[in-house]
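Hi,

Here is the structure I promised to pass on.

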Amino acid sequence: YIYTGQIDYTCTTPLPGGIGNISSDPAFANPGAGDFRLFFASPCINAGTNQLWVWGAFDLDGNPRIQEGAVDMGCYEAPASINEPDMVLIPGGGQPNGPAYDYHISQFEISNAKFVMFLNNAKANQGNERGTNMGFNNANGDVFMDPGMLGTEKLFSIANMNIGVQSGITYDTNTLTYATVPGKENHPVVGVSWFGALKFCNWLTIDSGRGVGERCYMEGVAPSDWKPVTAATWPTFTPVERDQWIADFDGFRLPMDDYVGMASAKNEFYKAAAWDGATNRIFGFGRDSITAADANYNAENWTDKTTPQGYYDGINLTLAGSNTVDTANWYGLYDLSGNVAEWQSDTWASNSLTARALRGGYFASIPNDCRTDTRLSDAPELTSERVGFRVVSSFPRGSGPGPMEYFVITGLPS
């Protein structure tokens with residue numbers, strides 16, 4: 001049978017005439033094995049047209065055809081990860097001496113709610129990559145990279161995240177599961193070591209459908225095992241190794257700060273925090289001065305220490321009862337100054353095994369420590385009420401690093 005009418009909304013080579021057609025590689029999960037589900041980077045995601053029959057319809061896996069506002073091309077709908085944070089594009093260029101490449105950074109610091117999803121899922125999957133290199137202490141909920149549970153191998157600590165009158169995460173020794181404390185779901189998670197932040201990034205890479213092979217970090221049972229996958233002589237991380245990391249790995253990672261406070265070719269934190277399209281700002285909310293209306297630092301003294309994600313939004317009130325100021329910066333990012341200090345991917349210096357970079361300051365910081373150009377540091381095994389993190393990815397969902405080694409078949413109109 002030869003179809004002679006117009007074909008619309010297909011992914012096929014060569015490119016046919018019609019509406020909404022594309023000729024890019026559809027990025028199937030494993031077409032050689034007959035798996036035509038969409039890889040997270042597929043250009044077919046959200047690229048179809050929402051005809052009337054699509055509403056209420058299901059794909060071949062039984063998933064709803066519309067999950068993110070628009071139907072995907074093909075027979076399968078790519079499921080959205082409920083755990084993937086809201087990511088914001090930081091376009092390449094603009095900032096003098098700053099990163100020339102695009103990257104994506106989470107709008108907020110990672111929350112207690114997302115970290116609890118990670119802990120429970122990883123604990124249930126210790127036999128595969130989601131939960132490998134995680135030893136759970138069933139007596140108190142602390143997590144280590146090795147069953148030996150040495151202090152230098154800690155990933156997460158319930159005891160060390162206690163802030164104010166209660167922690168943000170609890171552990172049930174009967175059900176052996178984690179839960180968020182009511183009202184603390186959207187507070188930034190703390191008590192996470194640098195190693196624990198790396199493990200979260202690797203888990204999120206898998207959970208978001210990006211694939212085990214796209215994980216950005218090596219793992220192991222010893223602290224020296226944990227490093228970027230392209231770093232051959234860690235703790236040194238060369239420009240060539242960084243370029244390979246950015247270009248070849250689609251997973252989640254911590255921001256780089258390139259060993260410096262100010263703008264540099266790989267200082268992702270500084271660009272996201274300081275650049276406003278015209279100049280670099282002193283504080284991460286797009287201004288050069290700071291008050292109690294702008295951020296959670298030592299001008300405030302909240303009982304719970306941390307404040308919820310994006311609390312300083314111009315609507316919520318300060319501790320004294322006055323209006324906050326909206327602190328979304330030029331990119332729409334929040335809490336880059338104050339609340340919790342944020343782990344960076346880099347070591348404190350290019351040859352330092354004992355210290356990792358921290359940026360942004362925390363709830364008791366002096367203003368100078370909240371500056372966008374201030375670097376702090378601490379031991380990678382630190383699990384503190386003062387420290388959290390946010391994540392970066394080189395690629396968003398629905399795009400990819402370039403041609404993939406998959407063959408192309410003619411798609412069908414949706």
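This is a predicted model: local features need pLDDT of at least 70, side-chain atom pairs count only at pLDDT 80 or more; totals for chains, interfaces and linings use all residues.

**The core and its aromatics**

The largest nonpolar core has 58 residues, and the ones touching the most other members are Phe115, Phe156, Tyr178, Phe200, Leu254, Trp343 and Phe389. Helix H2 (residues 194-207) is the top contributor to this core, with eight residues. As a general point, nonpolar side chains tend to be buried together in soluble globular proteins.

Setting aside neighbours within four places in sequence, Phe115 has contacts with Phe156, Ile169, Val189, Val192, Phe200 and Phe389.

There are 24 aromatic pairs in the model. One of them is Phe115 with Phe389, an edge-to-face pair at 6.4 Å centre to centre and with 75° between the planes. Phe115 sits in helix H1 (residues 112-123) while Phe389 is in the loop between strand E16 (387-388) and E17, so this pair ties together parts that are 274 residues apart in sequence. Both Phe115 and Phe389 are buried.

Phe118 and Phe200 make another edge-to-face pair, with 5.5 Å centre to centre and 85° between the planes. This one also links distant parts of the chain, since Phe118 belongs to helix H1 and Phe200 to helix H2, 82 residues apart. Phe118 is buried, at 2% relative accessibility, and Phe200 is buried too, at 0%.

If you colour the aromatics, you can pick out one cluster made of Phe115, Phe118, Phe136, Phe156, Tyr171, Tyr178, Phe200, Trp203 and Phe389.

What is the strand order in the four-stranded open sheet? The order is E3-E4-E17-E12, with antiparallel pairing. Strand E3 (87-90) and strand E12 (252-253) are the edge strands, each with a single partner, so one side of each has no neighbour in the sheet. Inside this sheet, strand E4 (residues 103-106) and strand E17 (residues 392-393) run antiparallel and are joined by two bridges. His104 is the residue standing opposite Ser393 in E17.

There is also an open sheet of three strands, in the order E5-E6-E7, again with antiparallel pairing. Here strand E5 (135-136) and strand E7 (154-156) are at the edges; each has a single partner strand, so one side of each is left without a neighbour in the sheet. E5 is joined to strand E6 (residues 143-144) by two bridges. Phe136, which also belongs to the aromatic cluster, has Val143 in E6 as its bridge partner.

**Helix H3 has a buried side**

In helix H3 (residues 239-248), the buried residues are Glu241, Arg242, Trp245 and Ile246. They span an arc of only 135° around the axis, so they lie on the same side of H3. What do these buried residues of H3 pack against? They pack against strand E10 (217-218), strand E11 (227-228), E12 and strand E13 (341-347). On the face turned away from the buried side you will find the exposed residues Pro239 and Val240.

Take Cys216: the nearest cysteine sulfur belongs to Cys201 and is 7.6 Å away, whereas a disulfide needs the two sulfur atoms within 2.5 Å. Cys216 is buried, at 1% relative accessibility. Cys370 is buried as well, with a relative accessible area of 0%.

Most peptide bonds are trans, and most residues other than glycine have a negative phi.

- The peptide bond from Trp234 to Pro235 is cis, with omega near 20°. Pro235 is in the loop between E11 and H3.
- Asn97 is not a glycine, yet has a positive phi of about 70°. You will find Asn97 in the loop between E3 and E4, and at 63% relative accessibility this residue is exposed.
- Asp258 has a positive phi of about 60°, again without being a glycine. This residue is in the loop between E12 and helix H4 (268-274). Asp258 counts as buried, at 17% relative accessibility.

Cheers

Note on methods. Residues are numbered from 1 along each chain as its sequence is written. Side-chain values use heavy atoms; hydrogens and water are left out. Two strands pair if DSSP finds at least two bridges between them. Buried means under 20% relative accessible area, exposed over 50%, partly exposed in between (1.4 Å probe, protein chains only). A nonpolar core is a set of buried Ala, Val, Leu, Ile, Met, Phe, Trp, Tyr and Cys residues joined through side-chain atoms within 4.5 Å. Contact means heavy atoms within 4.5 Å. The arc is that of the directions from the helix axis to the C-beta atoms. Rings of Phe, Tyr and Trp (its six-membered ring) pair if their centres lie within 6.5 Å; planes under 30 degrees apart count as stacked, over 60 as edge-to-face and the rest as tilted.
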